[in-house]
Amino acid sequence: MLSEIRKKVNQTDHDIPEKLLHEDFFRNAAEDPVRIAVAQRDGNGEYEYFTYGMIADKALRYSSQLKKKGFKPGDIVAVVIEKSAEYISAIMGILAAGCTYLPMSSSVPDERRKFICEKANISGAVTSEENKVFFEKLNIKTITPSEAETSEAEESYTEIPVASSAYIIFTSGTTGTPKGVEIQHYAAHNTIADINERFGVSRNDAVFAVSEIDFDLSVYDVFGLLSVGGKVVISDRGMKKEAGLWKTFMAHENVTVWNSVPMLFEMLICADTENEAAGKLKLAMVSGDWVYPSLVNKFREKNSSARMIALGGATEASIWSNYFDAGNNTDPDWKSVPYGVPLYNQKYRIVKEDLTDCEDNEPGEILIGGKGLAKGYINSPDLTSERFITDSGERWYRTGDKGMYWPDGNIEFLGRLDDQVKFGGFRVELGEITGKLLAHESVKNAHSVMVQNSTRQYLASVVVEANDGSKCVPEILSTESDNTDILAAQKQVNGFVIKKILGIEDCSIRVNIDDHFTSLGFVPEHRNLYDYWIESLKNDGIIKLEDGIITAGDRFDITPDKEVYEAFKEIIEKADFIADILKGTRDKADMLKDEVLSPEKLSAQEPGILKSIDIIADRINDKYDDDGMNMNIAFTGARTGLLAKYLLEKVSDADVSLTLIDSSEFFIAQAKQNLADEDCSFEIIKEYVPEELRNSFDMVISVNDFHTKEDIPHAVFIIKDMLKKNGTAFVTDLKEMPPVSGITAAVIENGFERFTEENRPVSKNPIVPPEKMCEYFADAGFRKVTCRTIEKSVFMFIEASEKNINEALSVNALKYYLSGQLPEYMVPEKIIFLDKIPLNKNGKADKDKITELVSEENNIELVPPKTETEKKIAELWKEILCVKEVGINQSFFQAGGDSLLATHLLTVVKKQYDIELSLKEMYNDPTLEAIAASIDEKLAENNDDDTEFGEI
């Protein structure tokens, strides 16, 4: 028998007119076309604005182009455009044509993208020129932004029934196969209208659109605000997970509405130290994951007047179906903030396995009913009938979530039914472990998983340590250096050598860029490097590039003068060596062994680097002279130990225990050989610092290594986590790009393709300016950060000291704390410390990545190779990775490989088997078994191609 309170909270009937999802946007555009609809950053990071009239005009051009190409109401059209004003115009245009839009992130792997296209049976795609070819290969019609621009705008949108499908969003299924949720116009509009009415969202509001386009929170970001005349402020790809950039943009645009998963909101709050953004919010909505009381309290410290709302539901029920107003107080004893009660025209049940309703405080499966329910899963009738059921004459969606009703009518979310694990005979809620960790005053964030392999299972947690919240102001002592002559000389050499490699030596040159690349005989995988070089020559005025045609530039005749030529003679004479790499007759890894081009050996000859090591040695010797005590010192990014050996020579009189650290077993094995006569330790550190090395070094040194890291804040964290509380970090790194790196490092890095606007101020440039680098150290929690330029060089020298923590948090301390909060069997066996919780693209904790991090390699049962190819590849792995044993179930990268060693492996494979395997293929499935299978498959294809057919 249901309680009266439960019946009452489910009496949610409310008069919300049924409308098309885009209807109110076009009304607003007609009434106030000059009102700002979208704010975003352009390619240079400058702010740009789009009015309602501009968005509507482009949308109606898309609609016109769709109709011109034969699209009809009800057709499904994929949208593969970066989140932007253009994206919003595209989806509005698709809807205006009466079609259904299917958002697809441009980062979706091709295999998954192909599956989605085929599963949804899409009629076409609105996409960029860059992605157009993919769809054309599948015989799918495409429309590009430029095509739409040339079309004449329709007068208005096409009227269709409100029961028509508005959008389809593919979510990850529990089986691993994506499933497409099909949502009608009236269903999505019901949720959006409810939220806007209930929380007073109006034309005076602006939302920060931080969610990915194929995550349904983004549906509210766009239609929620644009349906009331508000503004959408777009977090672009360059801001991805960069909360420091969010707060600045939010403050500039007076953002009043936040909408994201809890983890992203916590990132904003932590980054917003000056309360520039959080303090201006009037509404903060968090959903999609556990909402812990600690998050509410952190927000309240910054903003006591805003409404903080926890929402819940499912993509299958039109974004959200329930809410809870967190108010000003939360109960610290709560495991998490409650789910709350249903939204308008929606309802909830908590049921047992036989679908009978649970009593109050009795856990069961959460069912959602009402107006928000999806049509089902596109072209998946069996799955639809399994998850969307009819019971007692009403349609319900089985969420797979677990919850229970409180006597007051609120629902408590208890996690996924599949998130409750069976461990040691006990049922364990992983969320409960995480909740207790978050309640510890020195824990900023955490997540827990159960690891299961062929030999055993264990509980594990990842933890982000809290600091005291203080942030120092870095002291920039000097950033200028008299290096004009050095840069000018290197520029001459760079341009001269690139011209030679590319055969651009005749001033009458006039050639198409694609034809030129083909004529050089370079392998396709080096096209990025070629394009990088062409851009470099163009920027230096050596060539011109107009409409894809290369011609001579004003500085075409660049030639090093005699003194410069002699200084760089050895590098200049390596032009043919480098060209051979691009032709595939040499391996990039050969550069590592080369006496001239080896990055490490070049570093050892660089005066700026040697000067910085001299400075570090002076600091070590001075400290030893002052207190006469042993110093525990780590040298990170040690590679083969060449620079560490130079340091040891300079501090031979001091009592130093030196540990060489690198992320690669390959380099550490060589370092052990090179420093066999020295009393050193050697360690591998990849994504986190092992507990025995945390808080244990007096000094940590990094020389010419930071610019090679994709994630520099993470590299700073690794150094900080190794240091004792009052330890000091010494970091030497490039402050500007030396031109000669264009023919050395750029070759190894394939035109610096790893460095994008997501991880660098300028794409295809690994350099981070001194001010930004210092900011990373200040953000990480050092109390003192100074930076100076090494004279007559392109290097900066950073000194960071004193961690802003009260007391270092250890694994043992956390386990002791948990033992007083949880049963013994629930205390995690393994705990590691990270700088941030790994997130998936929707901002939720990435369980797969976390499980991978806490998995113990020693516990992986290596499956021996069986086929001849597997056996041969296994031998190659052992040689390249310097390991004794490998298994076909091992990942090349988990076994110690990196992108450079992977390239070396692929080069050897090409030589031995005469087949091409791409780095992308290897990253998609880097297990030995998969690589061997790919080789066998390509060999079989080659054999088929060699077969001749004739008439009998």
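Begin by selecting Val497, Lys500 and Ile501 in H15, which meet Ala575, Ile578 and Ala579 in H20; contact here means heavy atoms within 4.5 Å. By class, this contact of H15 with H20 has five nonpolar residues, no polar residue and one charged residue. In this classification Ala, Val, Leu, Ile, Met, Phe, Trp, Tyr, Cys and Pro are nonpolar, Asp, Glu, Lys and Arg are charged, and the others, Gly among them, are polar.

The model is predicted: local features need pLDDT of at least 70, side-chain atom pairs count only at pLDDT 80 or more, and totals for chains, interfaces and linings use all residues. Residues are numbered from 1 along each chain as its sequence is written, and side-chain values use heavy atoms, with hydrogens and water left out. Helices (H or I, at least four residues) and strands (E, at least two) are DSSP runs numbered from the N terminus.

**Helix H15 and its partners**

Two packed helices are described by the angle between their axes and the distance between the axes. Now display the whole of helix H20 (residues 575-583) beside H15: the two pack at an angle of about 50°, with their axes 9 Å apart. That angle makes H15 oblique to H20. Angles under 35 degrees count as roughly parallel, over 145 as roughly antiparallel, 65 to 115 as roughly perpendicular, and the rest as oblique. Axes are lines fitted to C-alpha atoms, for helices over the stretch in contact, and angles run from 0 to 180 degrees between N-to-C directions. H15 passes H20 in a right-handed crossing; a crossing is right-handed if the near helix is turned clockwise from the far one by less than a right angle, and left-handed if anticlockwise.

To see the contact, select Asn494, Gly495, Ile498, Lys499, Ile501 and Leu502 in H15 together with Tyr530, Trp533, Ile534, Ser536 and Leu537 in H17. The contact of H15 with H17 comprises seven nonpolar, three polar and one charged residues.

**The eight-strand sheet**

What is the strand order of the open sheet of eight strands? The order is S26-S35-S36-S34-S33-S30-S31-S32, and the pairing is mixed; two strands pair if DSSP finds at least two bridges between them. Strand S26 (475-476) and strand S32 (680-684) stand at the edges, each with a single partner strand, so one side of each lacks a neighbour in the sheet.

Select strand S35 (residues 782-789) and strand S36 (residues 795-803), which run antiparallel and are joined by seven bridges. Phe782 stands opposite Lys803 in S36. These two strands form a hairpin with five residues between them, and Lys792 in the turn has a positive phi of about 50°. S26 pairs with S35 in the parallel sense over two bridges, where Ile476 stands opposite Cys787 in S35.

Then show helix H28 (residues 770-780), which lies across S26, S34, S35 and S36 and runs at about 165° to S35.

**The three-strand sheet**

Move to the open sheet with the order S24-S25-S37, in which three strands have mixed pairing. Strand S24 (443-452) and strand S37 (830-834) are at the edges with a single partner strand each, so one side of each is left without a neighbour in the sheet. From one strand to the next, the twist averages 20°.

Highlight strand S25 (residues 457-465) with S37: the pair is parallel and has five bridges. Val463 stands opposite Phe833 in S37.

**Helices H2 and H3**

Select helix H2 (residues 23-31) and helix H3 (residues 52-68), whose axes come within 8 Å and cross at roughly 120°. That makes H2 oblique to H3, and H2 passes H3 in a left-handed crossing. Phe25, Phe26, Asn28 and Ala29 of H2 make the contact with Tyr52, Ile55, Ala56, Ala59 and Leu60 of H3.

**The whole chain**

Finally, zoom out: the chain has 34 helices and 37 strands. Its C-alpha atoms fill a box of roughly 90 × 75 × 70 Å, taken along the principal axes.
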